[in-house]
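Student: I'd like to go through this model with you before I set anything up. Can we take it contact by contact?

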Amino acid sequence: MTAPAPPPGPGVAPPFAAPPTEGRRTRLWIGLGVGALAVLLCCGGGGAAVVGLAVTGVQAIREQGRTVTSDYYQALVERNYGRAYDQLCDDAQRRESRPEFERRAAAEPQVAAYRVGEVDTTSLTVPVDVTLDGGDREQQQVSLGQDGQTGGMEVCGVN
């Protein structure tokens, strides 16, 4: 076997290209900027989605609360006490049977008209301006609850 030849002298081209030395910092900052932008877009989009879901949920609670309260009072105006009883939450229905509710509602001053206010989403209450048959007016506060099976809002009490 023979020994390898000595390396060539000056002026010989190397067998590979040397890495560039200029512009390294520029490429580093461009890469970091692109990475930061990608993270910002991903997190920002997720944050916007969470905020959007929260706003939509609050609007749904307000709409359902106003609807169920209006349905309850409309049934009282029409003296359809069975339909009003159906708007009550399970706890209220356990406290008072349908016949008891119908007797009590028929014996109380009758609702002639009503105006439903805005739902307080923190306390789940709704103010209602009620006009009774004799012309008397009173402010009532409806407490709402969520049905465990359907997820819909129900009337749990009237003060």
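Student: Where do arginine 94 and aspartate 91 lie, and how many residues apart are they?

Tutor: Bearing in mind that this is a predicted model, arginine 94 and aspartate 91 both lie in helix α3, three residues apart, which is about one turn of the helix. Their side chains meet in a salt bridge, with an N to O distance of 2.4 Å.

Student: Are those two buried or exposed?

Tutor: Arginine 94 is exposed because its relative accessible area is 63%, whereas aspartate 91, at 43% relative accessibility, counts as partly exposed.

Student: How many salt bridges does the structure hold?

Tutor: The structure holds eight salt bridges. One of them is formed by the side chains of arginine 66 and glutamate 118, at 3.8 Å from N to O, and this pair links distant parts of the chain, with arginine 66 in helix α1 and glutamate 118 in the loop between β1 and β2, 52 residues apart. Arginine 66 is partly exposed at 33% relative accessibility, while glutamate 118 is exposed, with a relative accessible area of 54%.

Student: What about arginine 98 and aspartate 86, what do their side chains do?

Tutor: The side chains of arginine 98 and aspartate 86 also meet in a salt bridge, with 2.5 Å between N and O. This pair, too, links distant parts of the chain, since arginine 98 sits in helix α4 and aspartate 86 in helix α2, twelve residues apart. Arginine 98 has a relative accessible area of 32% and is partly exposed, and aspartate 86 is partly exposed as well, with a value of 44%.

Student: Switching topic: which cysteines does a disulfide join?

Tutor: The disulfide joins cysteine 89 to cysteine 156, with an S to S distance of 2.4 Å. The two cysteines are 67 residues apart and lie in distant parts of the chain, cysteine 89 in the loop between α2 and α3 and cysteine 156 in strand β4, which covers residues 153-158. The count for the model comes to one disulfide.

Student: OK, aromatics. How many aromatic pairs are there?

Tutor: The count comes to three aromatic pairs. In one of these, the rings of tyrosine 72 and tyrosine 73 have centres 5.4 Å apart and planes at 85°, so the pair is edge-to-face. Both of these tyrosines are buried. Another pair is formed by tyrosine 85 and phenylalanine 101, whose ring centres are 5.6 Å apart with planes at 55°, so that pair is tilted. Tyrosine 85 belongs to helix α2 and phenylalanine 101 to helix α4, 16 residues apart, and the pair links distant parts of the chain; both residues are buried.

Student: Which residues do ring pairs link into a cluster?

Tutor: Ring pairs link Tyr72, Tyr73 and Tyr114 into a cluster.

Student: I'm also thinking about pockets. What volume does the largest pocket have, and what lines it?

Tutor: The largest pocket has a volume of about 410 Å³. Its lining is made up of 22 residues, and those nearest its centre are Tyr72, Leu76, Arg104, Glu108 and Val158. The elements that give two or more residues to the lining are α1, α3, α4, β3 and β4. By class, the lining has 13 nonpolar, four polar and five charged residues.

Note on methods. Residues are numbered from 1 along each chain as its sequence is written. This is a predicted model: local features need pLDDT of at least 70, side-chain atom pairs count only at pLDDT 80 or more; totals for chains, interfaces and linings use all residues. Side-chain values use heavy atoms; hydrogens and water are left out. A disulfide is a pair of cysteine sulfur atoms within 2.5 Å. Helices (H or I, at least four residues) and strands (E, at least two) are DSSP runs, numbered from the N terminus. On a 1 Å grid over the protein atoms alone, a cavity is a set of points where a 1.4 Å probe fits but cannot get out, and a pocket is an open set with protein on both sides within 12 Å along at least five of seven lines; lining residues have an atom within 4 Å of a point. Grid points are joined across faces, edges and corners, and a volume is the space filled by probe spheres set on the points. Ala, Val, Leu, Ile, Met, Phe, Trp, Tyr, Cys and Pro count as nonpolar, Asp, Glu, Lys and Arg as charged, and the others, Gly among them, as polar. Rings of Phe, Tyr and Trp (its six-membered ring) pair if their centres lie within 6.5 Å; planes under 30 degrees apart count as stacked, over 60 as edge-to-face and the rest as tilted. Buried means under 20% relative accessible area, exposed over 50%, partly exposed in between (1.4 Å probe, protein chains only). A salt bridge is a side-chain nitrogen of Lys or Arg within 4 Å of a carboxyl oxygen of Asp or Glu.
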